[in-house]
There are 2 protein chains.
Amino acid sequence: MPDSPRLASTRPVSTGPASTGPASTGPASTAPATTDDGPLPALADHFPASTKREIGDLRVPVREVLLTDGTTYQAYDTTGPDALPGGGLPLRRAAWIAERKGDATPTQLWYARRGIVTPEMHFVAAREALEPEFVRSEVARGRAIIPANVCHAELEPMAIGRNFLVKINANIGNSAIRSEMSEEVDKLRWAVRWGADTVMDLSTGRDIRETREAILRHSPVPIGTVPIYECLERVNGKVEDLSLALFLDVIEEQARQGVDYFTVHAGVRLAYVPLTKDRITGIVSRGGSILARWCLHHHAENFLYTGFDAICQVMAKYDVSFSLGDGLRPGCIADANDAAQFAELRTLGELTQRAWAHDVQVMVEGPGHVPLHKIKENVDLQMELCHEAPFYTLGPLVTDIAPGYDHITSAIGAAIIGWHGTAMLCYVTPKEHLGLPDRHDVKDGVIAYKIAAHAADLAKGHPGAQLRDDLLSKARFSFRWQDQFNLALDPTTARDLHDEGLPAPAAKTAHFCSMCGPHFCSMRITQDVREMAAAQDGMAEMSERFKAGGGELYVAAGVAGG
Amino acid sequence: MPDSPRLASTRPVSTGPASTGPASTGPASTAPATTDDGPLPALADHFPASTKREIGDLRVPVREVLLTDGTTYQAYDTTGPDALPGGGLPLRRAAWIAERKGDATPTQLWYARRGIVTPEMHFVAAREALEPEFVRSEVARGRAIIPANVCHAELEPMAIGRNFLVKINANIGNSAIRSEMSEEVDKLRWAVRWGADTVMDLSTGRDIRETREAILRHSPVPIGTVPIYECLERVNGKVEDLSLALFLDVIEEQARQGVDYFTVHAGVRLAYVPLTKDRITGIVSRGGSILARWCLHHHAENFLYTGFDAICQVMAKYDVSFSLGDGLRPGCIADANDAAQFAELRTLGELTQRAWAHDVQVMVEGPGHVPLHKIKENVDLQMELCHEAPFYTLGPLVTDIAPGYDHITSAIGAAIIGWHGTAMLCYVTPKEHLGLPDRHDVKDGVIAYKIAAHAADLAKGHPGAQLRDDLLSKARFSFRWQDQFNLALDPTTARDLHDEGLPAPAAKTAHFCSMCGPHFCSMRITQDVREMAAAQDGMAEMSERFKAGGGELYVAAGVAGG
């Protein structure tokens, strides 16, 4: 038999009312396993010491963590407000948007280039403790975007750019195989609960339009889509029937709904398709493979490329940002950084400038599967070829051999590519390559990517990023267990793992844990050491002596070995 | 309520007989959650298409994966043979060791320096497809070690060095709080099942000697210990009563049992203790904090440092290798790469040469908690100061803010430090900082580190490393689902995640999965594209044309946008 199941290490142990199974036949922790059932728990259930607040005139959201010494830590908050009684979120941007009515090109790029600092830029600046003018200048030069469709008034604006906090995207969406509409809204709320900065709705199944409407009306974060999916549904899956006219219809409608960015695979040019012929995994982007098929069928240039300016005109009206799709990204280690991938990237650079000519904001998508030593080249080349437009990568996965754990293989690549300048990381869940992620997969993916993004922020020296690490480590060192849990990305999981070994409430103030026991706790011993040193009044003095000696005390104070 | 529990994504869904709870009250997958109970499943339950084989005269173990096309892939195998009827493993090295009886210094280093290629070196060479003479030369110059105590005849020799496959270590061991002896042997067998190359027994609780004996007699991999833990048990936790004489007694006894390497914190010198005073987390190594306390109490130099040569003499007799402990490693991001850490590292370099003078093999331990941009400096400095002795690091964790997920935060650092030349990666489990890992935590830690080590092997260009990625990706592209699962690090988890969406047996040959459904599978469309291209006979020709044009077809073939 395989190993016996147990509660996942990443799932809270305690349970509420189970929706199936005889909960009364055993303790709560043995309730039947479920996947997506049950209502979304309250924020306080996941973040017990946290309070949501809105700061200043702009009402910038933060999640305030109350520590046991009475101080607080303010975490960047993506969770959004509660839904209104009738459904949908409050229209936070309604007044800002109304004031701009009549401007022909109401894009953040258009305003930034004209020296105008929009409320969205002020909001972003407050959110990241930056100067509004700096935000404007980054947007103006195309190095950052603020995806903010004028029809998405529920949005809490955020920026994507390498001089901002590294952001993460979570994909949701149904497919023809499974998933319900309400489940997708739940997945959205679930994804932002754990920290997703943007969400892509990749639905391809039934009710695609209604699902998107429900998502947008409940989303405090930018929503991205891949419009070619809906186009394909409209032609009943017949790739050869796709056309620019249909695409323009679809994006106009989606833009009117409020979609904030579109993935457009305009870089998959007819001439590049043959470059994929010796690949192990060919074309792994869904959009990429659809366009490649269209090109070959008609033996014609990609209509998204030939019709790019018409597409820009629609997007400019609503301030929908481009996410220039990497339809030819590598799908395995062997195919990384090949001619097809970099040929497309060069075209994406050309398209970036074409979009900018229309004052449309742009980010550029990247791979995929890339071994560690080939990651940096991707960022360097993208910055050069795409004129510093923000890079937005999927992982990358640094090996192909771990299906079931690709949130980990890809978080490794994501941390590195984020450190080197990638602005947003598209998450990968444990289900990658295997099936459609459910709520728990979404959480595992988001947490892995919050880790990667924060690691990148630390390495880039983002001001303030290390504060949370320092506060948590101080709590750890002084055995303030509750503070350690509450400052964590996932407080209740940390608490539950601790409690597996030492469930008694008193253990929360104990100066040890079940790993080492009381005798062997290095942190407790270190505190003793410090007290001894203080008593001897020697520690400070010896430290000074070491420094005075040019740090060579390890020789000077040496006792001959015997 | 928190989110409802379900089976972990990393645990197989199917269950056998549950050892607790009313299994008959629900379907198998709702059996009560358990932690460590139940017997160890058979290898075939985790690797359904695998057969263990022994290759050649040296009987080198491999795990052979049978693919659906009748070919096989041979995976490096750490699982060891079955236990003998009376308990314990076969004495594989008995004859090799007997032949060397009488040699005063029977260490692999001593033989290597004299130009002798031992059976252990031949074994390692066969295992990694290298030349035996190359293995000898790497051991002779101290750039690799083969931890192989002459009293551990059950061992299947392996090498640790940066020109070999990157290895991983799993820690097991009871503490005063919990854990049973038989559970530790199960954890050992569990750790090697998933791929641990060495195992450290960090027991500090009761029955410490008996637990170690049981582990050694059942271990096909090198076993490491931290002898100072047993010393402290013997003086009832009174740090000040520790002494060199006691330490020599303990290591002699442990060496006679067959321990293959000792962590010795001889680099925690009196003068360095004050350097930790401004740290956020002080001294986080258990051994380091114990020795620091001893030094301060007696205001004397560390007896492991002053008595280092006496320690070497014991270790040389049995060929126990040093793992020079980094007692002053950083315990948080803020403390990384500081004066205390690097002062100790310099001393470890000095001790490396002292050990080598006794023909004792040496590896050197490293951190810990290090942000991404400070990782490489650790490897570069260690190579320089420690004369290329193998580096063996704990993680490092690249952020402090994710307790409960530190197998991920540290796998990121481990992949990078392995790529830069670290020879062995000590795993971290999801329970790090929170409690004692159980069987499932051990598995999660080992898998995360197999990913990190393999990613490093790929990045270093280790010959043959990419074969597995390529085979798996080919299987993925041609919808050979079973081959994709069976080539994975954890086949049954991959299969079970797939089956959550499409459980029917027919889905195992379907040309799509539940993520995208049949319409939108890029791999299926790509195969259609290839067939279309082949039919048009254009793909090859166009590819040639592109190459002939110097790869500039993206301009030459361009259709004007508009």
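Student: Which residue just after helix 8 of chain A takes a positive phi?

Tutor: This is a predicted model, so each angle we discuss is computed from its atoms. The place to look is just after helix 8 of chain A, where phi takes a positive value of about 55°, and the residue is Asn236(A).

Student: How many of the eight residues of helix 8 of chain A are buried?

Tutor: Helix 8 of chain A covers residues 227-234, and the buried ones among them are Pro227(A), Ile228(A), Tyr229(A), Glu230(A), Cys231(A) and Leu232(A). Helix 8 of chain A is therefore largely enclosed by the rest of the structure, the number of its buried residues being six.

Student: Which helices and strands of chain A do the buried residues of helix 8 pack against?

Tutor: The strands on this list are strand 8 (223-225) and strand 9 (261-264) of chain A. The helices are helix 7 (208-217), helix 9 (244-257), helix 10 (286-298) and helix 11 (303-306) of chain A.

Student: Is Leu202(A) buried or exposed?

Tutor: Leu202(A) lies in the loop between strand 7 (198-201) and helix 7 of chain A. Apart from its neighbours within four places in sequence, Leu202(A) is in contact with several residues, including Asn171(A), Ile172(A), Val226(A), Tyr229(A) and Arg286(A). Its relative accessibility is 14%, and since the cut-off for this class is under 20%, Leu202(A) counts as buried.

Student: What part of chain A as a whole counts as buried?

Tutor: Chain A has 22 helices and 13 strands, and its accessible surface comes to about 17100 Å², of which 54% belongs to carbon and sulfur atoms. Of the 562 residues of chain A, the part that counts as buried is 67%.

Student: Which residues touch the most other members of the largest nonpolar core?

Tutor: The largest nonpolar core holds 266 residues, and Phe322(A) is one of those that touch the most other members. Leaving aside neighbours within four places in sequence, the contacts of Phe322(A) include Phe262(A), Val264(A), Phe308(A), Ile311(A) and Met315(A).

Student: Which residues of helix 13 of chain B make the contact with helix 12 of chain B?

Tutor: Helix 12 (residues 308-318) and helix 13 (residues 339-357) of chain B pack at an angle of about 45°, with their axes 9 Å apart. These two helices of chain B are therefore oblique to each other. On the side of helix 12 of chain B the contact is made by Phe308(B), Asp309(B) and Cys312(B), and on the side of helix 13 of chain B by Leu351(B), Arg354(B) and Ala355(B).

Student: What is the omega of the cis peptide bond from Gly395(B) to Pro396(B)?

Tutor: Pro396(B) is found in the loop between strand 12 (391-394) and helix 15 of chain B. The peptide bond from Gly395(B) to Pro396(B) is cis, and its omega is near 10°.

Student: What is the relative accessible area of Phe479(B)?

Tutor: Phe479(B) is found in the loop between helix 17 (466-477) and helix 18 (481-486) of chain B. Its phi is near 60°, a positive value in a residue other than glycine. Phe479(B) is buried, and its relative accessible area is 6%.

Terms used: Residues numbered from 1 in each chain as written. Chains lettered and ligands numbered in written order. Predicted model: local features only at pLDDT ≥ 70, side-chain atom pairs only at ≥ 80, totals over all residues. Heavy atoms only, no water. Core = buried A, V, L, I, M, F, W, Y, C linked by side-chain atoms within 4.5 Å. Buried < 20%, exposed > 50% of the residue type's maximum accessible area, 1.4 Å probe, protein only. Contact = heavy atoms within 4.5 Å. Helix = DSSP H or I, 4+ residues; strand = E, 2+ residues; numbered from the N terminus. Areas by Shrake-Rupley, 256 points an atom, 1.4 Å probe, with all protein chains shown as cover. Axes fitted to C-alpha atoms, helices over the stretch in contact; angles between N-to-C directions. Parallel < 35°, antiparallel > 145°, perpendicular 65-115°, else oblique.
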